[in-house]
Amino acid sequence: MTEGVAGRDGSESIAPEDIRAQLDRVLASDIFRSAPQLTAFLSYVVEQALAGRSGELKGYTIAVEAFGRPAEFDPQSDPIVRVEAGRLRKALNLYFAADGVRDPVRITIPVGAYVPSFTRSGLPEPDAVSPAAEPATPLPPAAGRPRFWAYTVLLLALPALIALAVWRLAGPRPEPGAGMPSAEVHAPRPAATPAAPDQLASAQPAEPVTAPASLPVIAVVIAGDIIDPAVEDAARLFMRHLVDTMARFDDLLVVKTPGTALRPEEGADYVLTLNTARAGDKVEGFVRLSTAKEGRVVWTTSGERSLAAVSDGIELRELAQRVAIRLAQPYGILHADFRLATLPPGIACIYQALNFRRHMKEDEHLAARNCLDALVARDPEFHPAWSHLALLTADEYASGLNPRPGSALDRALAAAVNAVRLAPASARAHQALMEAQFLRGMTEEALKSGREALTRNPYDPDIMADLGARYVQLGRASEGLPLLERAAALSNGRPSWYDVFLYFAAYLSGATKLADNQAALLKREETPLALVARAVASAAAGDRLELEETQRLLGKAEPLFALDGRLYLTRKGFSPVVVDRILAAIGEAGLQPR
């Protein structure tokens with residue numbers, strides 16, 4: 001029978017099974033899941049200590065037996081063990097200040113040695129906490145300052161408060177669209193329109209959903225009788241391509257076409273009307289989006305093409321697809337109109353989640369998550385809610401927003417799997433699965449899910465940008481760059497994170513001119529990841545003053561990056577090779593808060 005282990009502070013002996021149970025809790029945490037080197041290090045030294053071989057815990061043995069270094073390893077020329085020991089101490093401090101704050105046993109690696117120390121915390125065990133406890137609610141921010149969630153970290157025997165800042169994205173910038181090369185009008189809203197969901201978002205729990213979840217219904221109709229057969233063929237072909245493209249966005253809307261006994265407008269929220277006419281050897285087309293009930297015109301566009309140009313169907317298909325993408329995409333025309341409307345149950349939660357992904361504000365994250373939690377509790381078969389809940393939960397882990405007890409990665413994966421189960425053909429469900437798998441280190445599975453999502457909806461800029469960003473993070477910038485470029489071109493109201501990853505893609509692939517252009521777009525962005533991109537751009541340009549100012553802002557916005565830039569970037573999903581490129585470009589010595 002193995003004897004208990006006494007703490008270094010002379011505390012009572014702790015049973016080996018209790019220490020191993022605590023080790024399992026630590027290794028199952030989000031911090032250690034994404035750090036296999038730290039997992040191997042901690043597992044090895046704990047097991048060696050429990051086996052009574054603490055005296056063998058030297059740099060050489062750890063490198064060879066835990067890290068797999070060859071027998072000729074020289075600890076004097078390769079400082080890997082010392083470096084990883086420092087990272088391990090920081091990671092343990094972060095864990096026991098947050099997820100493990102109530103754990104019964106505390107594991108530390110004292111400075112100057114590799115032998116772990118075990119002490120009892122004196123706090124109740126986690127099982128004593130009610131499973132029905134409410135999610136942690138962040139403290140209100142100070143006036144005029146970003147909202148922070150705090151980690152109390154013990155470093156070098158001095159307590160320090162490490163604040164993990166929230167994303168603060170500026171509002172979207174209007175960009176040239178990819179719609180028809182024609183006259184286009186966005187109709188103004190009546191003055192009495194209710195406030196936007198993102199304006200009404202708060203940190204309070206969402207009101208219970210009292211009606212079945214639903215998505216907005218768009219009725220697509222061809223107006224009037226068309227006498228000319230060539231014009232009629234063109235109009236119907238245009239409508240088929242339009243409907244096919246819009247229907248791919250099945251987490252955002254439902255498309256209704258003629259062919260039922262009822263008028264297509266019956267039961268619809270919006271009507272998309274196509275008018276066509278012949279003018280000589282040309283076909284004129286007019287598309288109008290209006291509300292079904294009051295007939296308010298939301299958006300119009302028009303254009304003309306020669307009969308010869310539309311007869312083969314290729315140009316007509318491309319036009320229809322561009323119109324559909326502008327209307328249906330996240331952050332598109334329908335999204336803009338919904339932001340100023342009182343939305344039905346279901347879509348209100350979905351668009352709250354989209355608003356968060358554009359602005360990355362902590363209070364919007366909490367409001368959207370509360371809304372989706374209530375929605376899936378009431379209507380567990382509503383697949384769009386599970387997809388967007390998975391994406392929000394992935395952000396909970398990657399950005400440290402509104403953390404709940406337990407593994408955010410486990411919850412994100414469970415929600416994504418449920419979305420795919422409910423809707424195997426949904427592109428958004430596969431996108432959510434990609435996010436959850438990627439953050440868990442399931443790289444090949446994640447890329448497969450991302451490609452599946454893009455196959456099911458090759459018109460969604462958000463899926464393009466998401467998959468492109470994953471390629472960039474893996475060091476495959478040449479594969480991610482075209483996806484990010486197309487996503488940026490198609491999305492008028494795109495979130496700025498598209499531009500952040502487009503910058504990284506250009507920088508890492510050596511596209512200097514594009515990188516410079518993207519860096520200019522990020523000048524006023526102050527989210528942590530945008531500041532990292534700005535720091536790399538400043539260093540590349542040799543602008544020392546801008547680099548120092550960016551480092552100062554980064555130290556305030558994301559103290560974890562100043563503490564351990566490698567840990568921060570790894571948690572975001574960046575591969576070691578890309579982390580090395582980024583940190584080498586900036587210079588790790590310059591990352592300390594000033």
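Student: How do the residues of the lining of the largest cavity divide into nonpolar, polar and charged?

Tutor: Ala, Val, Leu, Ile, Met, Phe, Trp, Tyr, Cys and Pro count as nonpolar, Asp, Glu, Lys and Arg as charged, and the others, Gly among them, as polar. Here the lining of the largest cavity has 11 nonpolar, 4 polar and 6 charged residues. The model is predicted: local features need pLDDT of at least 70 and side-chain atom pairs pLDDT 80 or more, while totals for chains, interfaces and linings use all residues. Residues are numbered from 1 along each chain as its sequence is written, and side-chain values use heavy atoms, with hydrogens and water left out.

Student: How many cavities of 30 Å³ or more does a search of the whole structure find?

Tutor: A cavity is a set of points, on a 1 Å grid over the protein atoms alone, where a 1.4 Å probe fits but cannot get out; lining residues have an atom within 4 Å of a point. Points are joined across faces, edges and corners, and a volume is the space filled by probe spheres set on them. The search finds 6 cavities of 30 Å³ or more. The largest has a volume of about 340 Å³.

Student: Which residues lie nearest the centre of the largest cavity?

Tutor: Of its 21 lining residues, Met360, Asp395, Arg470, Trp497 and Phe501 lie nearest the centre. Two or more lining residues come from each of α13 (383–399), α15 (427–439), α17, α19 (496–509) and α21 (528–541). These labels follow DSSP runs numbered from the N terminus: helices are H or I with at least four residues, strands E with at least two. The greatest contribution is that of α19, with 4 residues.

Student: What volume does the second largest cavity have, and which element gives the most to its lining?

Tutor: Its volume is about 170 Å³. Its lining has 18 residues, and Phe238, Val283, Glu284, Gly285 and Leu316 lie nearest its centre. Among the elements that give two or more residues are α7 (229–247) and α9 (314–328). The strand β11 gives the most, with 5 residues. By class, this lining has 12 nonpolar, 3 polar and 3 charged residues.

Student: At roughly what angle do the axes of helix α17 and helix α18 cross?

Tutor: Axes are lines fitted to C-alpha atoms, for helices over the stretch in contact, and angles run from 0 to 180 degrees between N-to-C directions. The axes of α17 (residues 461–473) and α18 (residues 477–490) come within 7 Å and cross at roughly 155 degrees. The two helices are therefore roughly antiparallel (an angle over 145 degrees). Their crossing is left-handed, a term for a near helix turned anticlockwise from the far one by less than a right angle. In the contact (heavy atoms within 4.5 Å), α17 supplies residues including Met464 and Tyr471, and α18 residues including Leu483 and Arg486. The contact has 12 nonpolar, 2 polar and 2 charged residues.

Student: How do the axes of α21 and helix α22 cross?

Tutor: They come within 9 Å and cross at roughly 160 degrees, which makes α21 roughly antiparallel to α22 (residues 544–557). The crossing is left-handed. Among the residues in contact are Leu531 and Arg534 of α21 and Leu547 and Leu554 of α22.

Student: Within what distance do the axes of helix α12 and α13 come?

Tutor: The axes of α12 (residues 362–378) and α13 come within 10 Å and cross at roughly 140 degrees. This crossing is left-handed. Asp395 of α13 belongs to the contact with α12, and Asp395 is also one of the residues nearest the centre of the largest cavity.

Conventions: Parallel < 35°, antiparallel > 145°, perpendicular 65-115°, else oblique. 1 Å grid on protein atoms, 1.4 Å probe; cavity = no way out; pocket = protein on both sides within 12 Å on 5 of 7 lines; lining within 4 Å.
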